Amino acid sequence: MKVCIAEKPSVAREIAAVLGATTKRDGYFEGNGFAVTYTFGHLCTLYEPADYKPYWKSWDLNNLPMLPEKFEVKVAKNDGIKKQFNIVKSLFDKADLVINCGDAGQEGELIQRWVINKANYKGKVQRLWISSLTTEAIKEGFKNLKPAENYDNLYYAGFSRSIGDWLLGINATRLYTVKHGGYKQVLSVGRVQTPTLAMLVNRFKEIENFVPQPYWELQTLYRDTLFSYEEGRFLKMEDGEILANKVKEDQFEIVSTTKKKGTEYAPKLFDLTGLQVYCNTKFGFSADDTLKIAQKLYEKKAVTYPRVDTTFLPNDVYPKVKGILSKLTDYATLTAPVLSKKIKKSARVFNDKKVTDHHAIIPTGMQTHLQYNEQQVYDIIVKRFIAVFYDDCKVSNTTVIGKAADVNFKTTGKEIISKGWRVVFEKKDEGITSSTSKDKLLPNFEKGEKGPHEPSFLEKQTKPPNQFTEASLLRAMETAGKQVEDDELRDLMKENGIGRPSTRANIIETLFRRKYIKRNKKQILPTITGIQLIDTIQNELLKSAELTGSWEKQLKDIEKGEFSATAFIRGMKRMVDALVYEVRSEKVETRISAVNNKPVGKSKPKSKPKSAALVGSACPKCETGSLLKGKSAYGCNLYGKSCDFTLPFSFGNKKISEKQFIRLITKGSTVNLKGFKVENQSVEGLIRFDDNFKLKLEPKQTTKKAVLKAGDACPKCKTGKVLKGKTAFGCSNYKVGCDFRVGF
């Protein structure tokens, strides 16, 4: 009998269906000469300290460091897990061949190897290595089973990672808890979580201690186009004032106009971190949410394996592209132009050297019923995939140099000549050109032309860096804390990042769970406890993103067979030994406790902060001018020149406060206000801008709550029917994913 072992019951079910093992047994599927069983995550785990030596159970400095000679594995203490392990072992005892069908990655290899080893199976083992759960992929995988020995280095890397986390995590956590922990306070310290927390704390302190520095900008408006002084900002007001006064006396002259044709490539395919960053920025999903959704899409056969760290595809995927695109019938209008000619093959997409275990996340071509959040993630994966086969976007980059009184000014603009891949991301009736200054369209300037201009000399202040969001924190983890915007350079640094793509979401969630960090809208801020912990840890190596990144590189090298697992573990033991010696000799100055722990906020200014002012703020329409206060309205200082924006003091026979106008500009609308007059009727509603930045009233909606009845169409998925249960209404499609439920 051949025994297949998968990582989850749902995956086992898919494999069993393809193999013809259709008889359901307790803990496995059987048929056609196969038994397909499963784990559910980690059935086995590393020994706990007390399993090695009973007295190691005590949290005592005298027991540290705990450095086992040999690391052992045991079955987890859970009745359900023990039962399943015994089922798996009994199948292995009768097996002629075991096929490891675990997730095709480091963690998947480790989970299954531990079970195979703990079950004391000595027979032949083969490896199923697939990137999607479609029937075709599973069939192809079973035709090309690999010897288990091919993946020994992957297992050694996973085992080394677990041992490294055990050595540092358990020893350092006990060390700092006993030495510095307050009442019932466990101070969790880890190989990856502590450098991540240190990055957040360092950024927070940098912002707290930031002292704004004034600088001055010299600009001028010529033919409704803003030009900036070519040599940049002034650090001394006097230097800029001299030039500002000088240029007032002279006309503006165009010195040169340079147009360069350029190419913009389609966005890269997604790796897991890229997908998490995109979904956090666009949809507000946490990294953990995105990983869970991507995993569900994988298990629904909609996309390929998600826990990947490459944005490339191997060359052997190219022949399958046409078939995948053809099956994406919901996107037929986008795929048609690609399928109508020979499909493009670019080295920016296909590169065998950039692909190790798995390729970038792409759709499989299978279309299925998805929940709303799943559909959002699926949609962007599909569009990225389609876009890379479109033509490049062709642009014309324009640089115009002008002068007044021999002082040079510059402006730049961009014109899209051929949209290419950009059409994939266009919304209905909506362009895709950006409104930023870099992308603005410029008038046609002729060399030598002259005319009047309006110079301005403005004082500004330097700004601190932004607090981390989940998206920017993921990027920082990927590059070990270094700010890297360039995609190519970031790819080169991935091997030295903090954690693996598949573990970063869990690291961030762990910091939340331990109350070291808190969310403030999209920002991630350290709590008082988090800051105290980082301040207490004097050992810089423990907080070093670079050191953790170099460990990740060593683990990658173990995976490639270029570094020894023994050497890695020996190095970790040496560091732990030195750390314990160092911390034990420290004088205790702090006792850290999370009692009444609150997210840290701005604490410096004791005086009441000034509220935002409307006058002087940027014009929301042109974004170039600033707002002035007139007799009956606020307006743009470029009114009558290049902008017609105004905010009348009264609207709909009602006076609008400055506070509400500030809210309108910053948040898109006022709150609901009473007292508007419409056709002699008093109306309650809120004010928004229309497309031309004129005020419009949006009356308050007063819809009655719909009454649910059994048999009605489900208001969420639209295809199911409303069912009436004992305590709630639900949807008849609950078995296929619709989670609509309304309690009585």
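User: Which residues do ring pairs link into a cluster together with Tyr 222?
Analyst: This is a predicted model, so local features need pLDDT of at least 70 and side-chain atom pairs count only at pLDDT 80 or more, while totals for chains, interfaces and linings use all residues. Residues are numbered from 1 along each chain as its sequence is written, and side-chain values use heavy atoms, with hydrogens and water left out. Rings of Phe, Tyr and Trp (its six-membered ring) pair if their centres lie within 6.5 Å; planes under 30 degrees apart count as stacked, over 60 as edge-to-face and the rest as tilted. Ring pairs link Tyr 222 with Phe 227, Tyr 229, Phe 234, Phe 252, Phe 409, Phe 445 and Phe 457.

User: How many aromatic pairs does that rule count?
Analyst: Just apply the ring rule, with centres within 6.5 Å. The count comes to 36 aromatic pairs.

User: What kind of aromatic pair do Phe 645 and Phe 689 form?
Analyst: Their ring centres are 5.7 Å apart, with 70° between the planes. Over 60 degrees is the cut-off for one class, so this pair is edge-to-face.

User: How many residues apart in sequence are the parts that this pair ties together?
Analyst: Helices (H or I, at least four residues) and strands (E, at least two) are DSSP runs, numbered from the N terminus. Phe 645 lies in the loop between β20 (633-636) and β21 (646-648), and Phe 689 is in strand β25, so the parts tied together are 44 residues apart.

User: Are Phe 645 and Phe 689 buried or exposed?
Analyst: Buried means under 20% relative accessible area, exposed over 50%, and partly exposed in between (1.4 Å probe, protein chains only). By that scale, both Phe 645 and Phe 689 are buried.

User: Which residue in β26 does Phe 689 stand opposite?
Analyst: Two strands pair if DSSP finds at least two bridges between them. Strand β25 (residues 681-689) and β26 pair in the antiparallel sense over 5 bridges. Across in β26, the residue opposite Phe 689 is Leu 695.

User: Where is Pro 65, and what does Pro 65 touch?
Analyst: Pro 65 is in the loop between α2 (49-52) and β6 (73-75). At 25% relative accessibility, Pro 65 counts as partly exposed. Leaving out residues up to four places away in sequence, Pro 65 touches Asn 171, Val 576, Asp 577 and Val 580.

User: What share of the chain counts as buried?
Analyst: The chain has 21 helices and 29 strands. Of its 744 residues, the buried share is 47%.

Notes:
Contact = heavy atoms within 4.5 Å.
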